[in-house]
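Please look over the structure below before reading on. The report that follows takes up the sheet, the helices and the cores in turn.

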Amino acid sequence: MSATLPNPVGLLSEHTRQEIDRWVAKFPPEGRRSAVITALREAQHQNHGYLSTELMDAVAAYLGLPPIQVYEVASFYSMFETRPAGRVHVSICTNISCMLCGSDRIVEAVERHLGIRTGESTPDGKFFLKREEECLAACNNAPMMMVDHVYHENLTPEQAVKILDAVE
Ligand code: FES
């Protein structure tokens with residue numbers, strides 16, 4: 001007699017499953033793998049900012065994919081965190097255009113304001129200041145930062161701090 005293994009899909013909230021279903025419906029049946037990025041984004045959001053192994057396994061089970069295909073995506077894209085991190089993700093682009101327009105001053109101001117360095121989270125678990133970010137494709141409005149997928153462009157250090165202060 002074989003033991004029944006726990007079903008990892010149960011870790012996904014109903015809202016997360018609905019969102020995954022919505023994206024899966026956009027692809028042909030053999031293209032469920034195309035929904036991995038969105039599924040991971042939803043699972044990360046559900047888990048307040050990072051993906052645990054169990055959640056990645058749940059996404060794999062829900063999409064009917066081998067877990068390795070989900071781990072590969074989660075570890076490749078900088079938008080995913082696989083270790084505990086603050087709820088609000090802050091990414092300051094430090095690539096060439098932003099660097100030439102003063103991104104180092106933005107990083108410095110934000111680090112000072114939040115009291116943390118890049119790669120760290122605030123002690124209250126609210127903000128996660130991601131490691132220095134590569135080009136986020138908004139070079140024409142450099143310097144810029146992304147706060148939970150929302151772009152803020154043509155920034156000054158003062159504006160960056162104000163934007164973070166306004167985050168609930
Ligand atoms: S270099 Fe910063 S958005 Fe491209």
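## The sheet and the helices on it

Which strands does helix α6 lie across, and at about what angle to β1 does it run? In this predicted model, helix α6, formed by residues 103–114, lies across β1 (88–92) and β3, and its direction is at about 150° to that of β1. Helix α7 (residues 157–165) also packs on the sheet, where it touches β1, β3, β4 (145–147) and β5, and its direction makes about 5° with that of β4.

The sheet itself is open and mixed in its pairing, with five strands in the order β2-β3-β1-β4-β5. The edges are taken by β2 (120–121) and β5 (150–152), each of which has a single partner strand, so one side of each is left without a neighbour in the sheet. Two bridges pair β2 with β3 (residues 127–129) in the antiparallel sense, and Glu120 has Leu129 of β3 as its bridge partner.

## Strand β1 within the sheet

Strand β1 runs parallel to β3, to which three bridges join it, and Val88 stands opposite Phe127 of that strand. With β4 the sense is antiparallel, again over three bridges, and here Ser91 stands opposite Met146.

How are the residues of β1 divided between the two directions in which they point? Val88, Val90 and Ile92 point one way, while His89 and Ser91 point the other way, and all are buried. Five of the five residues of β1 are buried, so this strand is largely enclosed by the rest of the structure.

## The nonpolar cores

The largest nonpolar core has 22 residues, and those with the most contacts inside it are Leu12, Leu40, Val59 and Leu63. Two or more residues are given to this core by each of α1 (14–24), α2 (36–46), α3 (53–63) and α4 (67–76), and the largest share, seven residues, comes from α3.

In α3, the buried residues are Leu55, Met56, Ala58, Val59, Ala60, Tyr62 and Leu63, and what covers them includes α1, α2 and α4. Leu63, not counting residues up to four places away in sequence, touches Ile20, Val24, Arg32, Ala35, Val36 and Ala39. Just after α3, Gly64 takes a positive phi of about 70°.

## The contact of α2 with α4

Two packed helices are described by the angle between their axes and the distance between the axes. The axes of α2 and α4 come within 10 Å and cross at roughly 70°, and the two helices are therefore roughly perpendicular to each other.

Which residues make this contact? From α2, Val36, Ile37 and Leu40 meet Val70, Val73 and Ala74 of α4. By class, the residues of the contact divide into six nonpolar, no polar and no charged. In soluble globular proteins, nonpolar side chains tend to be buried together.

## The chain as a whole

Seven helices and five strands make up the secondary structure of the protein chain, and along the sequence they follow the pattern α-α-α-α-β-α-α-β-β-β-β-α. Taken along the principal axes, the C-alpha atoms fill a box of roughly 65 × 35 × 25 Å.

Of the 168 residues of the protein chain, 42% count as buried. Among the contacts in the chain with a separation of 6 or more, 61% are accounted for by residues 24 or more positions apart.

Methods. Residues numbered from 1 in each chain as written. Predicted model: local features only at pLDDT ≥ 70, side-chain atom pairs only at ≥ 80, totals over all residues. Heavy atoms only, no water. Pairing = 2+ DSSP bridges. Helix = DSSP H or I, 4+ residues; strand = E, 2+ residues; numbered from the N terminus. Contact = heavy atoms within 4.5 Å. Axes fitted to C-alpha atoms, helices over the stretch in contact; angles between N-to-C directions. Core = buried A, V, L, I, M, F, W, Y, C linked by side-chain atoms within 4.5 Å. Buried < 20%, exposed > 50% of the residue type's maximum accessible area, 1.4 Å probe, protein only. Parallel < 35°, antiparallel > 145°, perpendicular 65-115°, else oblique. Nonpolar A, V, L, I, M, F, W, Y, C, P; charged D, E, K, R; others polar.
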